[in-house]
Amino acid sequence: MITGKYPSLRLRRNRKFSWTRRLIRENDLSSNDLILPIFLTDGKNKKIEIKSMPGIFKYSIDMLPKIVDKTISNKIPLIAFFPYTLIRKKNNIGTEALNENNLVCKALRLTKKRYKNEIGLMADVALDPYTTHGHDGLIKKNKILNDETIRILIEQSLIQAQMGCDVLAPSDMMDGRIGEIRKSLDKNKYIDVQLLSYAVKYASNFYGPFRDAVGSKSALKGDKKTYQMDYSNIDEAIREVALDIKEGADLVMVKPGMPYLDVIQSIKNKFKIPVFAYQVSGEYSLIKNGIKNNIINKNAVVESLISFKRAGASAIVTYFANEVAGELD
Ligand code: PBG
């Protein structure tokens with residue numbers, strides 16, 4: 001590998017000016033790599049800042065065109081909808097998830113109608129925004145029920161597909177749900193809907209601000225460790241991905257992002273499938289607050305996003321998407 005040595009070899013020569021650094025750059029970030037999450041709330045003409053996520057807002061449905069227009073002009077390919085559900089619409093089985101007029105369904109319908117295929121639409125498949133206990137599945141005697149939950153997730157998937165969702169993203173971590181959802185999508189002729197499996201989702205401490213944003217934080221009883229992964233493990237991540245690919249996932253996600261670059265790299269090397277990274281809410285808020293308080297400068301955002309590209313990610317779900325897209329080439 002090494003073909004010379006100092007002083008005839010000087011790696012700094014290739015770094016001496018911006019033009020040569022640009023020529024030898026190994027990874028680039030463009031807006032094609034970004035996915036923007038959008039939080040939804042009830043009402044009209046609402047744009048409410050999320051306290052734990054400075055600069056990030058919940059929008060009422062009528063405000064969507066403004067933000068979608070901006071996202072399209074920033075050339076971002078995909079947006080993901082997340083609902084803030086009113087407590088009175090929640091129950092212990094998450095019935096609101098199957099309401100064709102819930103926030104996500106309305107947003108999918110209206111955005112698909114208005115923008116056709118100018119931009120892709122993604123939605124989570126999971127019950128946590130809709131359950132009073134804040135868990136992703138049904139509970140019985142303190143146990144999260146796997147197969148019973150899948151039955152509801154199948155219905156949720158079909159409804160969201162019918163509303164115009166392009167990319168369904170099961171984020172619930174139940175065993176076997178990708179295969180079951182794929183089967184029923186096929187049976188119902190939704191053969192073109194992509195499945196982005198949150199295949200490797202860790203029981204992480206970085207989700208706090210998101211749970212705030214969707215209103216599941218105060219609701220959440222206990223933790224999610226019986227279904228989300230132990231953050232000490234990587235072999236298990238490989239097994240999760242292998243299963244989801246076999247069951248019919250088109251894309252796989254690793255979540256959270258920056259603490260798990262090794263996981264992204266291993267999966268990419270092993271499976272050669274598009275791997276998406278989720279730079280989660282806690283990562284966003286830490287970086288954002290660091291910038292706000294002059295602890296780091298704003299170029300740290302691009303640095304954090306390039307790290308995903310270096311690790312092998314094809315795309316990154318990030319709350320910085322619109323903010324950063326304008327600055328990219
Ligand atoms: C829930 C879900 C979570 C996130 C996306 N979908 C949180 C959780 O599992 O509790 C977190 C995203 C973020 O923190 O930005 N199915």
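Visitor: Of the 105 residues in the largest nonpolar core, which touch the most other members?
Guide: This is a predicted model. Its largest nonpolar core has 105 residues, and helix H4 (residues 146–162) gives the most to it, with seven residues. The members that touch the most others are Phe39, Phe81, Met122 and Val200.

Visitor: What does phenylalanine 81 touch, not counting residues up to four places away in sequence?
Guide: Phenylalanine 81 is among the core residues that touch the most other members. With residues up to four places away in sequence left out, its contacts are Ile38, Leu40, Leu64, Val104, Ala107, Leu108, Thr111, Leu121, Met122, Ala123 and Asp124.

Visitor: Are the rings of phenylalanine 57 and tyrosine 59 stacked, edge-to-face or tilted?
Guide: The count of aromatic pairs comes to eleven. In the pair of phenylalanine 57 and tyrosine 59, the ring centres are 6.3 Å apart and the planes stand at 50°. Stacked needs under 30 degrees and edge-to-face over 60, so this pair is tilted.

Visitor: Is tyrosine 59 buried or exposed?
Guide: The cut-off for buried is under 20% relative accessible area. Phenylalanine 57, at 22%, is partly exposed. Tyrosine 59 has 13% relative accessibility, so it counts as buried.

Visitor: How many residues apart in sequence are the parts that tyrosine 278 and tyrosine 319 tie together?
Guide: Tyrosine 278 and tyrosine 319 form a tilted pair, 6.2 Å centre to centre with 50° between the planes, and both are buried. Tyrosine 278 lies in strand S11 (residues 275–279), while tyrosine 319 is in the loop between strand S12 (315–318) and helix H11 (321–325). The pair therefore ties together parts whose separation in sequence is 41 residues.

Visitor: Which lysine lies over the face of tyrosine 207 at 4.8 Å from the ring centre?
Guide: The charged end of lysine 201 sits over the ring of tyrosine 207, but at 5.7 Å from its centre. The residue at 4.8 Å is lysine 255.

Visitor: How far apart are the end C-alpha atoms of helix H10 (residues 300–311)?
Guide: Helix H10 has twelve residues, and at 1.5 Å a residue it should span 16 Å. The distance between its end C-alpha atoms agrees with this, at 17 Å.

Visitor: What does H10 pack against?
Guide: Nine of the twelve residues of H10 are buried, so the helix is largely enclosed by the rest of the structure. Among these buried residues are Leu305, Ile306 and Phe308. The buried residues of H10 pack against strand S1 (34–41), helix H8 (261–271), S11, helix H9 (281–292), S12 and H11.

Note on methods:
Residues numbered from 1 in each chain as written. Predicted model: local features only at pLDDT ≥ 70, side-chain atom pairs only at ≥ 80, totals over all residues. Heavy atoms only, no water. Core = buried A, V, L, I, M, F, W, Y, C linked by side-chain atoms within 4.5 Å. Buried < 20%, exposed > 50% of the residue type's maximum accessible area, 1.4 Å probe, protein only. Helix = DSSP H or I, 4+ residues; strand = E, 2+ residues; numbered from the N terminus. Contact = heavy atoms within 4.5 Å. Phe/Tyr/Trp six-rings, centres within 6.5 Å; stacked < 30°, edge-to-face > 60°. Lys NZ or Arg CZ within 6 Å of the ring centre and 35° of its normal. Expected span 1.5 Å × (residues − 1).
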